[in-house]
Amino acid sequence: MLEPAGIARPELEPGPLKKAYVKSYGCQMNAYDAARMADVLGAEGYTATDSVEDADVVVLNTCHIREKAAEKVYSELGRLRVLKQERRAQGLDTRIVVAGCVAQAEGAEIQARQPAVDVVVGPQSYHRLPELLARGGRVVDTEFPIEDKFDHLPARRNLGSSAFLTVQEGCDKFCAFCVVPYTRGAEVSRPVAAVLAEAQRLAAGGVREITLIGQNVNAYHGEGAEGCPVGLAALVREVARLPGIARIRYTTSHPNDFADDLVRAHAEIPALMPYLHLPVQSGSDRILAAMNRKHTADQYRRLVDRVRAARPDIALSSDFIVGFPGETDADFADTLALVRDIGFESAFSFKYSPRPGTPAADRTDHVPEAVMSERLTELQRVLDARRHAYQREAVGQVFDVLVEKAGRYPGQVAGKTPHLLAVQFDAPQDHIGRIVPVRITEAGANSLFGERLPEAAAA
Ligand code: SF4
């Protein structure tokens with residue numbers, strides 16, 4: 001079973017009792033797309049179900065980033081095929097939809113290999129989901145359509161206090177290991193007016209925090225007033241002016257697109273939260289060049305210095321690939337040195353695995369599995385040590401926490417600090433959506449615990 005990123009729920013609507021189960025894997029872009037697919041189905045009268053056995057429509061929003069992602073999708077589809085047969089024996093129809101990056105990459109092959117699949121739809125076409133389902137029969141739509149899907153999506157539902165907002169899609173960087181430029185296409189930015197209109201609707205629905213998302217979000221260059229191009233920093237400034245929006249984040253960024261005005265934005269815009277996810281992948285210049293990252297480790301270090309000069313308390317996060325083809329012990333030592341120099345507050349680290357169709361997949365100088373495992377363990381030991389120390393440093397400090405949901409235990413709520421640390425504390429459920437001061441009393445393995453302070457203590 002793939003690890004689900006989440007189950008997106010269409011809101012209860014009057015109408016025929018059709019049920020939809022939407023399951024998403026992978027990144028925030030996929031989580032956003034899954035929520036929007038749930039909106040699309042909700043607008044068609046589908047109700048949500050957490051139970052795949054009850055679903056009339058099952059959507060798997062797939063991710064191509066993980067190793068053997070396609071094989072895992074096929075084994076999940078094998079289980080769904082059995083379920084479909086069982087429901088058919090009860091006189092119930094089940095439509096199975098494969099969406100996301102595996103759908104885009106594998107296209108018709110998915111239907112050829114798994115006859116139970118009814119619809120294969122790519123990330124740029126899911127606004128057509130009702131039409132594709134209504135066609136009946138078996139359909140593949142992995143086009144990059146002329147129309148903008150965002151113009152055809154219904155109003156967003158199920159808004160919490162924090163929401164993703166897609167501002168940019170696709171990537172022109174062509175890192176040697178990555179499928180995104182092939183599955184998501186070239187970089188495209190949404191116009192400023194469209195982003196602001198969606199942000200306003202989110203604010204009106206009670207959202208306090210917006211994370212602007214894109215595969216390469218800091219390459220954002222949307223059309224502004226009178227057709228002038230607008231960069232991410234200016235977009236953040238515009239969103240920060242909207243009433244109701246207290247917090248702004250953005251992800252994911254490429255070091256080469258980090259403009260000076262974005263660095264300045266971290267010093268000048270209070271609503272821009274002190275957290276930055278800035279993937280580096282490796283600390284070795286040789287491997288960075290082989291990865292086609294087009295920056296060196298020292299250029300990355302200097303960028304971090306500039307960002308930290310602008311916002312000294314910023315929490316840094318990154319991505320690392322261990323065991324890229326040709327990586328030597330010396331290259332790996334350079335990665336450890338970079339990690340120690342910078343001191344990332346959080347990070348995602350993986351062993352390299354080839355993605356079909358990418359340049360790196362053709363390389364033959366693979367790092368042995370055992371060596372990759374050893375290096376990953378060592379890297380994660382260093383990363384975890386810093387993360388745990390950072391969590392412990394939070395104890396005794398007071399943070400404004402945006403309350404997002406009920407906590408793990410009755411009487412508790414859960415939220416995030418400005419630095420994106422998860423916090424649980426005792427408070428009534430009506431605090432969800434509020435920003436309250438919390439003193440941190442304890443650091444757990446993955447979450448902090450705290451006590452709510454009087455609102456006057458808010459920073
Ligand atoms: S910048 Fe990111 S999305 Fe683009 S090719 Fe590189 S890893 Fe993939």
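Student: Which residue stands opposite F449 in strand 22?

Tutor: That residue is E442. Before we go on, a word on the source: this is a predicted model, in which local features need pLDDT of at least 70, side-chain atom pairs count only at pLDDT 80 or more, and totals for chains, interfaces and linings use all residues. Residues are numbered from 1 along each chain as its sequence is written, and side-chain values use heavy atoms, with hydrogens and water left out.

Student: How many bridges join strand 21 and strand 22, and in which sense do they pair?

Tutor: Strands (E, at least two residues) and helices (H or I, at least four) are DSSP runs numbered from the N terminus, and two strands pair if DSSP finds at least two bridges between them. Here strand 21 (residues 435-443) runs antiparallel to strand 22, with five bridges. The two form a hairpin, with four residues between them. Strand 22 (residues 448-452) also pairs with strand 20 (residues 422-426), in the parallel sense and over three bridges. In strand 22, L448 has V423 opposite it.

Student: Where is A427, and is it buried or exposed?

Tutor: A427 belongs to the loop between strand 20 and strand 21. Buried means under 20% relative accessible area, exposed over 50%, and partly exposed in between (1.4 Å probe, protein chains only). With a relative accessible area of 6%, A427 is buried. Contact means heavy atoms within 4.5 Å; leaving aside neighbours within four places in sequence, A427 is in contact with G411, Q412, V413 and R452.

Student: How many aromatic pairs does a search of the whole structure find?

Tutor: A pair of aromatic rings is described by the distance of the centres and the angle of the planes. Rings of Phe, Tyr and Trp (its six-membered ring) pair if their centres lie within 6.5 Å; planes under 30 degrees apart count as stacked, over 60 as edge-to-face and the rest as tilted. The search finds six pairs. In one of them, F320 and F344 have ring centres 5.5 Å apart and planes at 80°, so this pair is edge-to-face. F320 lies in strand 16 (residues 315-322) and F344 in the loop between helix 12 (329-342) and strand 17 (346-351), so the pair ties together parts 24 residues apart in sequence. Both F320 and F344 are buried.

Student: What kind of pair do F324 and Y352 form?

Tutor: They are edge-to-face, at 5.3 Å centre to centre with 70° between the planes. F324 is in the loop between strand 16 and helix 12, and Y352 in the loop between strand 17 and helix 13 (369-393), 28 residues apart. F324 is buried, at 0% relative accessibility, and Y352 is buried at 7%. Ring pairs link F177 with F324 and Y352 in a cluster.

Student: Which residue sits with its charged end over the ring of F150?

Tutor: A charge sits over a ring if NZ of Lys or CZ of Arg is within 6 Å of the ring centre and within 35 degrees of the ring normal. Over F150 it is R190, 3.8 Å from the ring centre. R113 lies over the face of Y74, at 3.7 Å from the ring centre. T166 is in strand 8 (residues 162-166) and counts as buried, at 1% relative accessibility.
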